[in-house]
Amino acid sequence: MMRELHERLKCLFPLGELTEQRRGPPNELAFVSLPGAYLRPALLHLRDLEGFTHLVLLTAVDWLEEGQFQLTYLLSNRTQARDIGLRVFLPRDGATMASIHDLWPTAATYQRELREMFGIDFPDSPGVNDDFILEGWIDMPPYRRDFDTKRFAAENFSQRPGRTTTDPEQHMKAKLYPGEN
Amino acid sequence: MKEELLKRTVKGPDGVEFEVEPLRDYYCEAAPTVMPGAYIKIVEDLFNWARAESLWILGFGTGCGAIEMRPLMTPRFDAYRYGIQWRPTPRQANLLVISGYLSVKTLKRAIRAYEQMQNPKYVVGLGSCTINGGMYWDSYNTIKRLDQYLPVDLYITGCMPRPEALLAGFDDLKNLIRAGQAEGANQYAENFDWYKANQKQVIHDWDMPDYNW
Ligand code: SF4
């Protein structure tokens, strides 16, 4: 089923390979990547002609080594019980993506979150520059992988001295088999 | 600072213009003062006995530990039989239970809630997160030591502490109060500048008066 959909879509959009995570039917789940410029027509096509009426989520992955962000738009077709995820890659520096809040109003919330946590801009998305979860944040967006949360915590919060950490494996070994090693 | 908090002139429905300064108008800014004990020890002891038997918890849950407050206030563990009750507003409460990790954003609300409570008042920190950060010790968004920001009278350890632990903790708190050792509110007043400096060090968008009474 997903393969057929993929074949149909391939005639219209320059899609990448189909990654099937869950074969069906029902409950199919597959992912496919495509260039950012084709995202909007592809979403519209899926929503209006293929029955993927529900935007399940919009999230990002930070591919630090490749210098890219991946955006995943997960859509659901409720009647046929299948989900498809569209992946778009964008350069990490000055990451910007066209907003889709006019297709699904809920996207505005996701985009606001991505703006705050990853620093991906979505111009014209309502309230995209407002605080989402953080208040008065002073460092780089915290979900970027080059953000060092441990160092940030050590520098910004006073710690109670005397905290120790033990490796669970070594600790249990020493406790359960004291004679060995 | 948020726009609605700035000083501005507004026009009322009757056409009269007047000045509004939300931070000044709605709050008392005067710093807290130390409450001296009663004139004689036996009277103070009597007061403390009464205070210990009348703990009113502010129903304000932060972090996972708030889950354990529900069985505690309902028939299963029924804290009411020990004279411990939950109240909906800071003005009616005298015990603030910080029930787990505090994000910086919540810390701001917790400070405001604490400052609006009337004296005498007590703070109990629940769970490892309030003591040394717990499993959020390296989180970018939670404070690691509650006692740097609010005067903690008692910690209850655990992740998360069970209702039994809380009941035992409340018993300890009662003993502290009876012994006249739960003086957190006065410590807060005495070291007010120190607490404020610590709070402002982590709350970067400070948009409230220094003391919101
Ligand atoms: S101490 Fe444990 S249960 Fe309590 S807030 Fe922290 S992580 Fe949650």
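This is a predicted model: local features need pLDDT of at least 70, side-chain atom pairs count only at pLDDT 80 or more; totals for chains, interfaces and linings use all residues.
Colleague: Which side chains of helix α2 in chain A are buried, and what do they pack against?

Modeller: The helix covers residues 39-49 of chain A, and its buried residues are Leu39(A), Ala42(A), Leu43(A), His45(A) and Leu46(A). Because they span an arc of only 160° around the axis, they sit on the same side of α2(A).

Colleague: Trp63(A) is in a nonpolar surface patch; what is the accessible area of the patch?

Modeller: Trp63(A) belongs to strand β3 of chain A, residues 54-63. Its relative accessible area is 34%, which means partly exposed, as that class lies between 20% and 50%. Val61(A) and Phe89(A) complete the patch, and together the three have an accessible area of about 230 Å².

Colleague: How many salt bridges are there between chain B and chain A?

Modeller: The contact involves 24 residues of chain B and 22 of chain A. About 2,000 Å² is buried between the two chains, 51% of it on carbon and sulfur atoms. One of the salt bridges joins the side chains of Arg160(A) and Asp147(B), at 2.8 Å from N to O. The count between chain B and chain A is three.

Technical notes
Residues are numbered from 1 along each chain as its sequence is written. Chains are lettered from A and ligands numbered from 1 in the order in which they are written. Side-chain values use heavy atoms; hydrogens and water are left out. Buried means under 20% relative accessible area, exposed over 50%, partly exposed in between (1.4 Å probe, protein chains only). Helices (H or I, at least four residues) and strands (E, at least two) are DSSP runs, numbered from the N terminus. The arc is that of the directions from the helix axis to the C-beta atoms. Patches are made of residues with over 30% relative accessible area and no salt bridge: like charges are joined within 9 Å, nonpolar side chains (Val, Leu, Ile, Met, Phe, Trp, Tyr) within 5 Å. Accessible areas come from the Shrake-Rupley method with a 1.4 Å probe; for residues, only the protein chains shown count as cover. A salt bridge is a side-chain nitrogen of Lys or Arg within 4 Å of a carboxyl oxygen of Asp or Glu. Contact means heavy atoms within 4.5 Å. Buried area is the accessible area (1.4 Å probe) that two parts lose on being put together, summed over both.
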